[in-house]
Amino acid sequence: MSKKVAIISANGEIFDAYKVFNIATAAAATDAEVTIFFTFEGLNLIHKDAHKALPLPAGKEHFAEGFKKANVPTVEELVQMAKEMGVRLIACQMTMDVMNLKEEDFVEGIEVGGAATFLDFAYDADITLTF
């Protein structure tokens with residue numbers, strides 16, 4: 001029986017994206033069933049435009065060189081990898097309503113759902129993480 005990993009993504013900065021998608025893809029690579037619930041600023045990580053242009057925080061610009069030298073995938077590539085590995089991406093309906101966002105504002109392949117949709121998965125999760 002595979003493990004289940006439930007991840008809540010509530011922050012939308014570039015380092016948050018690397019944390020969320022690195023853990024999600026690593027878990028998926030071990031055949032874990034992975035679901036990520038994106039809420040509030042976390043929606044930036046799957047927004048079809050925003051996830052491609054997440055800036056490095058002021059004073060952390062030197063990470064760009066490190067990412068390049070370490071051959072770290074871009075956030076856009078990590079999102080694609082997660083989708084290809086079967087990671088379930090749920091955008092929070094309530095936050096979308098508050099921010100006046102529509103499903104078409106996000107990368108293809110996401111699911112729109114409320115907290116109850118995520119909890120149906122998370123109740124049986126072996127690991128739950130929040131970023």
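Ile14, Ala17, Tyr18, Phe21, Asn22 and Thr25 in helix H1 meet Val75, Leu78, Val79, Met81 and Ala82 in helix H3, where contact means heavy atoms within 4.5 Å. The residues of this contact divide into nine nonpolar, two polar and no charged, with Ala, Val, Leu, Ile, Met, Phe, Trp, Tyr, Cys and Pro counted as nonpolar, Asp, Glu, Lys and Arg as charged, and the others, Gly among them, as polar. The model is predicted, so local features need pLDDT of at least 70 and side-chain atom pairs count only at pLDDT 80 or more, while totals for chains, interfaces and linings use all residues. Residues are numbered from 1 along each chain as its sequence is written, and side-chain values use heavy atoms, with hydrogens and water left out.

H1 (residues 14-29) and H3 (residues 75-84) pack at an angle of about 30 degrees, their axes 10 Å apart, and are therefore roughly parallel to each other, a term for angles under 35 degrees.

Val75 and Val79 of H3 also belong to the surroundings of His51, which, neighbours within four places in sequence left aside, is in contact with Asn44, Leu45, Ile46, Val75, Glu76, Val79 and Val107. His51 lies in the loop between strand S2 (33-38) and helix H2 (63-69), and is buried, with a relative accessible area of 3%; buried means under 20% relative accessible area (1.4 Å probe, protein chains only).

S2 itself is mostly covered, five of its six residues being buried. Strand S1 (residues 4-9) pairs with S2 in the parallel sense over six bridges, pairing requiring at least two DSSP bridges between two strands, and Ser9 stands opposite Phe38 in S2.

Conventions. Axes fitted to C-alpha atoms, helices over the stretch in contact; angles between N-to-C directions. Helix = DSSP H or I, 4+ residues; strand = E, 2+ residues; numbered from the N terminus. Parallel < 35°, antiparallel > 145°, perpendicular 65-115°, else oblique. Buried < 20%, exposed > 50% of the residue type's maximum accessible area, 1.4 Å probe, protein only.
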